[in-house]
Every structure is written in structure tokens, then in C-alpha cells.
Amino acid sequence: MINARQLEVLCAVIEVGTTAKAAELLSVSQPAVSNMVRHIETLAGFALFERERGRLIPTPEARHIAQEAQHLFMQQRRVSSIIDELRDGTTGRLSIVATPSLGQIVLPPVLASFLEDRPHLNVSVDLGHTDQIANRLVSGQADLGLSISQPSHSALTVKPIAQGQLLCVCPEGHEIALSQVVDIGDLSHTRHISYSAETPLGRLIDSEFFRRGLRRRYFLEVRHTIAALEMVRSGIGVALVDSFALAGRDLKGIAIRPVAPAMPLKAHSATSNLFPTSRVAMEFQSFFRRHVADHLQDVLA
């Protein structure tokens, strides 16, 4: 069986015509090339060169072998390039599942920046609530989860990646906008858009109302802050919205106010302990953590 190194020597001799020049091209000794040529001919079982006045004239069979070897060399270069790209995280596949406010608002500009130097990376993005994120990760259907509420599953590694908070949003000119800080109790006296008690944000807000001895009242129920924000944008009412949903958005016509008591939030990343986390997923996790603060800076200022 002729190996890749022997084919490389054969092609070099065909290209330059002498073992001396081939040896110089390959940075080896001339006797080593001569011995290799004789060994290749022995393995092949027929002559590959005609000797003529110190030159080696390749036979048609040798040229045919060399032509086929070029395909092998091309594939070797391709494999080597792929290995380099995988090492550098510039190719491969990345599957992300995120909660809506992160996946629809924060993720796109961060992902766009990440992909600038990775044009061959194949990316899949899906949206889901916290339990769906956990299920996708532990089943191996996703590499990385991004969630505001912390996923609780023993097979996940969960890390905080960004600090945010709930903010009160209302149409400009609304009476709520007259307050520099909105007391959550005031929300019960206006057209309050809020979240189902079954959702993580609904439970968080209920706990704050409970601490104040109040009962949360609202007239329109949604499941996601993106929906609440659009309802406010349409002038329907007032809502508590996480700062992640506001990052990078056109907020013209909307007033944003901090609330009392403050309700801080953390964004989390999650990976599965049941499957190896790819290099590119780990790189994006770090990249997202570094860049997400920039998208929140204007909102929290």
C-alpha cells in the first residue's frame, strides 16, 4: 500500500524531473528520494519512470497515479483546514434555545457580531420557556440555553451571565410616567398588563406584592414580556417588563421608570452535563456574557 508521503515524493519527482531537485523541494536528502522512488516502484509492481540522461521521465502510469493523488492532497488540505476552523470555532454547528426576550432582542446583535469571523458556522436558534430549554438541552437537541429564569434540572450546568431588572413601561404622557419611581402598588389602580401566575415572572411579581400585603390585579394577561411591551406600545396599558426585552429596541413613545421595591433579574446560560459541550458553544457563551452588558447599558442608565 502506497502511503501519502510516498505519493508526495512521487509527485515532486514528476514535477521537477530529478531526485536532487525533488529532495531540495521536500527538504530531504537526495538518496532518501531515490530510495523512496525505487520502493514505490517495488510496491506498484511496475516501472514509474524512464531514466534518460540523469532525468526521470514519468510513465503514463505514473502521471495517472499523480493525477489521482492530487485529489487526495486536496482532501487532506480540506481536512486540515476544517480542523483549524473547528479549533478556532469558525466552523461547525451551534444550536441555541432561548427565552423570548433574550432570543428576540439581545441575542441577534450579539450573534451577528460573533458570526463576523465565523462565516461557515451553521447556527440554529429556537425560542422556548425555561422547561422547554431544559428539555432541549438534556435531550441533546441544543448546545446552549439562554434564560432569564434559572432552569432547575440536575443534568444542567447553569451560570449567571447578565444582571437586569424589571422596569415599568407605559405610554408617554401616561399618569404613571409622572413618577420618577413607580410603586408597584400603583399598578393595581391602572390598566395593568401582567403575566400568568404560572410563569416565572408572574411568580416573582406575586411574591413582591405578597411581601407588601397586596394582591396583584391586572386586566390583560400575557406570557412573555415581548407581548407585554407591544401591548404598551399600542397604548393598551402599563406593564412590568424585564430590561432584557428593552435592550436595543426603538422605545419612541414609551416611558420607562424604575420600580419600588426593585426587582432584580439575572440572565442565565445552561449547558447539558449529559453531552459534551462543543468548543464553539463555550466560546459563544463567553462572548455573550462579555457583550450583553453593552446592550443593557442604555436601558439601565
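Mentor: A residue is called buried under 20% relative accessible area, exposed over 50%, and partly exposed in between, using a 1.4 Å probe and protein chains only. The model is predicted, so local features need pLDDT of at least 70 and side-chain atom pairs count only at pLDDT 80 or more, while totals for chains, interfaces and linings use all residues. Residues are numbered from 1 along each chain as its sequence is written, and side-chain values use heavy atoms, with hydrogens and water left out.

A nonpolar core is a set of buried Ala, Val, Leu, Ile, Met, Phe, Trp, Tyr and Cys residues joined through side-chain atoms within 4.5 Å. The largest one has 57 residues, and Leu146, Phe284 and Phe288 touch the most other members. This core lies between domain 2 (91–161 + 266–295) and domain 3 (165–264), because both give residues to it; the bounds come from an automatic or database domain assignment. Taking contact as heavy atoms within 4.5 Å, and not counting residues up to four places away in sequence, Leu146 touches several residues, among them Ile96, Val97, Leu102, Ile133, His268, Phe284 and Phe288. A second, separate core holds 20 residues, including Val33, Val37, Ala66 and Phe73.

As for the cysteines, Cys11 counts as buried at 10% relative accessibility, and Cys168 does so at 0%. A disulfide is taken as a pair of cysteine sulfur atoms within 2.5 Å. The sulfur closest to that of Cys168 belongs to Cys170, 5.4 Å away, which is too far for a bond. The count by this rule is zero disulfides.
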